[in-house]
Amino acid sequence: MNPVLTIILQRLALGILTLFIVSIVIFAAVNMLPGDFAQAILGQGATPEAVEAIRRDLGLDQSPVVRYFEWLFDALRGDLGNSFAQANFSSFVGTDSGVRTTVAAQIAPRFANTMFLAGVTAAIAVPFAVTLGVLAALTLTLVVTAQMMRMTRAAIINLLASPYIEMARLKGIKPMRVIVRHALPNALAPIINVIALNLAYLITGVVVVEVVFVYPGIGQLFVDSVKIRDIPVVQACCLIFAGAYILLNLTADIMSILTNPRLRHPK
């Protein structure tokens with residue numbers, strides 16, 4: 001089998017394994033949150049029978065292991081469950097709780113808002129940072145502050161001392177052409193990695209921004225759901241954050257392999 005394909009398949013398998021382990025951590029952490037949804041929705045005056053009826057209706061009376069695998073298998077089929085908070089329990093106790101809002105329907109518009117916010121930021125930040133990083137490796141006069149800019153600058157500077165770069169200079173090639181045509185392609189691996197990390201941060205790190213500015217994104221939904229113990233929504237948000245982070249890092253890893261000539265053209 002082609003060595004590059006073998007490495008890519010190994011990375012994919014590692015990503016799937018990582019996501020599986022993360023799903024266990026998510027489920028355990030969410031279910032360890034203090035408080036009880038059934039008690040919270042009915043108030044302090046709720047009878048034990050009413051609380052138990054709601055818990056049974058939501059499946060909270062089952063063992064954690066059973067609930068985890070049911071949640072996992074449903075998630076693999078694209079079913080993230082129903083929102084606890086959107087169910088009507090005021091008139092139904094111990095019977096079917098009526099029409100419920102699916103977690104997917106609740107998350108979809110919020111996720112679109114978050115992706116729009118992250119996309120606009122990335123569209124401005126990534127080209128700006130890479131361009132300034134390249135310029136800073138020519139001039140060495142710009143103050144480098146952003147992480148992507150620092151990584152781009154450092155990766156290119158390390159390559160500027162390489163023999164093939166010295167040869168290009170001796171041939172009289174212009175400095176900018178040396179950097180763009182010779183140094184930058186060989187510095188893509190670390191640059192891709194740091195860009196992926198920052199894109200992952202834009203998706204998973206928007207919680208604070210969305211809460212502070214009351215932006216209707218998935219981060220705001222996550223915080224609101226934690227407050228009311230809406231377990232399915234919290235689990236789905238965490239799974240989306242983890243999946244996005246793992247997927248972006250996996251993509252960066254594979255792209256780094258593809259941009260490495262020693263792996264693309266093995267001896």
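Trainee: Which residues of helix 12 do I218, G219, L221, F222, S225 and V226 in helix 11 meet?

Mentor: This is a predicted model: local features need pLDDT of at least 70, side-chain atom pairs count only at pLDDT 80 or more, and totals for chains, interfaces and linings use all residues. Numbering starts from 1 along each chain as its sequence is written, and side-chain values use heavy atoms, without hydrogens and water. Contact means heavy atoms within 4.5 Å. On that basis, the helix 12 partners are V233, V234, C237, C238, I240 and F241.

Trainee: At what angle do the axes of helix 11 and helix 12 cross?

Mentor: Axes are lines fitted to C-alpha atoms over the stretch in contact, with angles from 0 to 180 degrees between N-to-C directions. The axes of helix 11 (residues 218-227) and helix 12 (residues 231-258) come within 9 Å. They cross at roughly 145 degrees.

Trainee: How many helices does the protein chain have?

Mentor: Helices (H or I, at least four residues) and strands (E, at least two) are DSSP runs, numbered from the N terminus. The protein chain has 0 strands.

Trainee: What percentage of the 267 residues is buried?

Mentor: Buried means under 20% relative accessible area, exposed over 50%, partly exposed in between (1.4 Å probe, protein chains only). L17, in helix 1 (residues 3-31), counts as partly exposed because its relative accessibility is 45%. For the protein chain, the buried share is 36%.
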